[in-house]
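Subject: Structure for you to look at

Hello,

Here is the structure I said I would pass on. Please open it and keep it beside this message while you read.

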Amino acid sequence: MTDEDLEESVRAHLSSLASGSISPEAASAWALRVMDSDAPELRDERIWTALDRLSGADLMEGPGQYLHAKADFDAWASEFGGGK
């Protein structure tokens with residue numbers, strides 16, 4: 001995978017999470033799989049930060065209550081979309 005491919009995948013997952021078209025659990029599972037790889041693109045701090053946020057999208061504050069909400073997901077997507 002190239003930097004551009006991973007960047008586009010990260011952007012797509014952030015956007016899908018913000019729009020509600022994927023669940024926090026799905027976003028987290030995808031990000032953790034990517035982070036567990038040895039892809040050289042993971043050295044890009046911006047990509048790593050976005051993956052780290054995605055990996056925590058399903059964290060719970062309490063029973064049935066997510067730590068992060070749509071406003072957080074929107075902010076993450078906006079920040080990542082802001083360019084390098």
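This is a predicted model: local features need pLDDT of at least 70, side-chain atom pairs count only at pLDDT 80 or more; totals for chains, interfaces and linings use all residues.

The mean pLDDT of the chain is 93, and 93% of its residues reach 70 or more.

Next, L14. This residue lies in helix α1, which covers residues 3-19. Is L14 buried or exposed? L14 has a relative accessible area of 2%, and it counts as buried because that value is under 20%. Leaving aside neighbours within four places in sequence, L14 is in contact with A50, L54, W76, A77 and F80. L14 and W48 are 34 residues apart in sequence, and their C-alpha atoms are 13 Å apart in space.

Then helix α4, residues 70-81. Its twelve residues reach 16 Å from the first C-alpha to the last, close to the 16 Å expected at 1.5 Å a residue. Which residues of α4 are buried? They are F73, W76 and F80. Seen down the axis of α4, these buried residues fall within an arc of 60 degrees, so they line one face of the helix. The face turned away from the buried side of α4 carries the exposed residues A71, S78 and E79.

Two items on rings remain. The charged end of R46 sits over the ring of F80, 4.1 Å from its centre. A search of the whole structure finds one aromatic pair.

Regards

Note on methods:
Residues are numbered from 1 along each chain as its sequence is written. Side-chain values use heavy atoms; hydrogens and water are left out. Rings of Phe, Tyr and Trp (its six-membered ring) pair if their centres lie within 6.5 Å; planes under 30 degrees apart count as stacked, over 60 as edge-to-face and the rest as tilted. A charge sits over a ring if NZ of Lys or CZ of Arg is within 6 Å of the ring centre and within 35 degrees of the ring normal. Helices (H or I, at least four residues) and strands (E, at least two) are DSSP runs, numbered from the N terminus. Buried means under 20% relative accessible area, exposed over 50%, partly exposed in between (1.4 Å probe, protein chains only). Contact means heavy atoms within 4.5 Å. pLDDT is the predictor's confidence in each residue, from 0 to 100. The expected span of a helix is 1.5 Å times one less than its number of residues. The arc is that of the directions from the helix axis to the C-beta atoms.
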